[in-house]
Amino acid sequence: MSVEHVEIRPGAYADSVALLQVSRDVAAAPGVTAAQVAMATDLNLEVLATMGFTLPPASPNDMVVALRLTDETALAAALTAVDAALAAARKGAAGGGQVSVPARTTASALRRAGGGLALVSVPGASALVEAMDALDAGCDVMIFSDNVPLEQEVAMKGIARERGLLVMGPDCGTAVVGGVGLGFANTVAPGKVGIVAASGTGCQQVLALLDAAGVGVAAALGVGGRDLSAAVGGLSSLTALDRLDADPAVEHILVISKPPASEVAAALASYADGLSTPVRFALLGAGQPDLTAQVEALLSDLGVAVPTWPTWGEPVPQASPGAEGGALRGLFVGGTLCDEAMLLAAEALGPIRSNIPLSPELALDTSLLSSGHVMIDFGDDGLTRGRAHPMIDPTLRLEHLARVAADPETAVVLLDVVLGHGAEDDPAAGLAPGITAARAARTDRGGPPLPVVVACVGTSADPQGLTRQAEALVAAGAEVHLSNAAATRRAIALAAGGTR
Amino acid sequence: MAGAASSSVWHRLRTGDANGSVLHSGTQALYAVFGDQVIGVAARDAVHPPVTIGTPLPQLPIAAVGDPAVIVDAVLHVAGLAVSVERLVPSEAPPLVDPPTAAVRLAAVLREPRVVARLDGVRAQLPAAGLRSLMSGHPNAVLGLLGLGDGLTPVGDDVLAGWLATTSAIRQATGAVGEAVRVHAHRTSTLSAALLLDAVAGHCLPQFRALVMALATGRAVPEAVASLLAVGHTSGAGMLLGARLALAFPVTVPVPVSVSVSVSVSVSAPEPLRSPR
């Protein structure tokens, strides 16, 4: 008979991402049917209550260990697994198990360690204080946090620009600095391309394509998704261009952004003309080339032959026309990948409803459900408040995949999988059963399997293994592309009833 | 002299050179008016409203009301001081995503007799109809409370400011009440109007910000309430009452495009994580 074990560990702490991994490790232990190890925040307690656990009083300063076991004999081994997983998390965090008293403020950490770059990852409402500590210490700062007010961003970047310092972010998820990947970064070879990116997953798509073409990267400086807006005026992009121009390893610069303010794009182009390093702009927008096309143009600049972009699996067959609805349903973890897909699909199919719509009247309500073509960015601020990003925790997207598959109007599902450091250890393992179930949901009703197309964005040296991930997705029945634009065009063709 | 201020003050100093005059001068705070904008300078240990530049000075020099104040090259020159903003400090109330829980957390502290007495002192100065209107988010509340009561900032304005900052934390917008404040702000003192308009934009005192943070996290709520009550003679209590009214009945105003989600069966991050785009 199933037994439940809940214990509160007052004062114990580990960050949410570490605890997510601890929970997974423990859940895989023999005799454990469910395991959640989490800080006892209101939200987490609610989750645990939803799972049926009976909880004693606890505060957010406490850690709660909740286990459901096949029988009592499994408890001792499960608790050993909890302690081992927590110890592993601590060891990973402390760097080889060395015990040291952590600095309590950014300012004191910088006094102690020095260094040229501080990475700030705290709730957005508190990011300014930490970022200013870094700037006051003469450091560049990468702000991983989102939900930082725009007015703060502008002022902070203004001060940094006056001091010759670089603010990367806010909401900067990806960077490669000095050969080190920061945030959600892919493993790339050193090379002669420098990237300025106002787009995290857009940068990752470029890194993946360049890697497939055998081209390395000297640096990728994220500047935050709003940097090329009219309000911010490209303040960090200017500094990043200066830095890359001064770097002797950089021979070509690529600037990537979601749709920018036209005057900012023009000002940056004018500024770039004065630099000694050639600069190419890959700026998404209606009628503009997609990121893959921009990379192909860059390869041409470099004198490198454009390869055939990798695909895996046989082209998925189109559902029989007319038997089911013709709606394209895109479920993304990368905002820029979602943007790019919407721009391509809107041109071919018409209006796309979304939580990050191309125009306000196409906004989805909170159900995220709608008739017609729909694309959802599960990494958007509104869906990550109080929970981990879908590149770490895929639960929300998986739930929605099942809903979309059950909708007879869905003609094709388009997904992205983003690999690299910081992302899930094995995203295909979580997604593949969902894809299989989605396809089966359609065959169970007597129809052909639901076509699923995946853009798998990663490099050959990424820890998850690009080929292994792609093959696992193919085994589940998906058609997989390295290029998000190619995957999107394939999904468009399937939705439109055409063949390619 | 290098000072610390909110990003909104940093922006105001950079909207161009300007001539103004001293509006209020004391050893702890000095305010100057530039057209319809107010910028202040605060001593080290003073309360720092969001329009002020904090300085390391233990006391400020005294100037006469009407003395000149100028902004040149983003530096404020007043009372013999030349103050620039070299350090940014947050002044926006952090997001309050779970108002019912925040209301429960605040209610527990508001039952304490010393807090009850302070809030009763504020209520006694203000018309009950105005407070009821504010609780329901009706714009009539603005004319019913604006400019009424004691204090350098009238306590009716403090109540409005507390309501506005709290509602902004909940909804990122202040709806019809905020709009009415914009229309009628000229009916109260210049300084108070400036602070109210800042509250419409979601800016608030550090002590009020700390209260919202405490209500959002459930940590140190009694300490945050005590710290707010210590602000001014009635200002802190007025703002606390405003927060109480905003949380009693969170007003419905148009919400920016965002999506709330149901809790699902996964361990969720206790702190908001960023989203790569």
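Which residues in helix 6 of chain A meet helix 8 of chain A? In this predicted model, A:K157, A:G158 and A:R161 of helix 6 meet A:L235, A:S236, A:L238 and A:T239 of helix 8, contact being counted where C-beta atoms, placed from the backbone, lie within 7 Å. By class, this contact has two nonpolar, three polar and two charged residues (Ala, Val, Leu, Ile, Met, Phe, Trp, Tyr, Cys and Pro count as nonpolar, Asp, Glu, Lys and Arg as charged, and the others, Gly among them, as polar).

Local features need pLDDT of at least 70 and side-chain atom pairs count only at pLDDT 80 or more, whereas totals for chains, interfaces and linings use all residues. Residues are numbered from 1 along each chain as its sequence is written, with chains lettered from A and ligands numbered from 1 in the order in which they are written.

Helix 6 (residues 150–163) and helix 8 (residues 235–246) of chain A pack at an angle of about 30°, their axes 9 Å apart (axes are lines fitted to C-alpha atoms over the stretch in contact, and angles run from 0 to 180 degrees between N-to-C directions). Helix 6 of chain A is therefore roughly parallel to helix 8 of chain A, a term for angles under 35 degrees.

Turning to the strands, an open sheet of three strands in chain A has the order 4-5-6, with parallel pairing (strands are DSSP runs of E, at least two residues, and pair if DSSP finds at least two bridges between them). Strand 4 (117–120) and strand 6 (167–168) of chain A stand at the edges with a single partner strand each, so one side of each has no neighbour in the sheet. A:M142 stands opposite A:M168 in strand 6 of chain A.

Terms used:
Helix = DSSP H or I, 4+ residues; strand = E, 2+ residues; numbered from the N terminus. Parallel < 35°, antiparallel > 145°, perpendicular 65-115°, else oblique. Contact = placed C-beta atoms within 7 Å.
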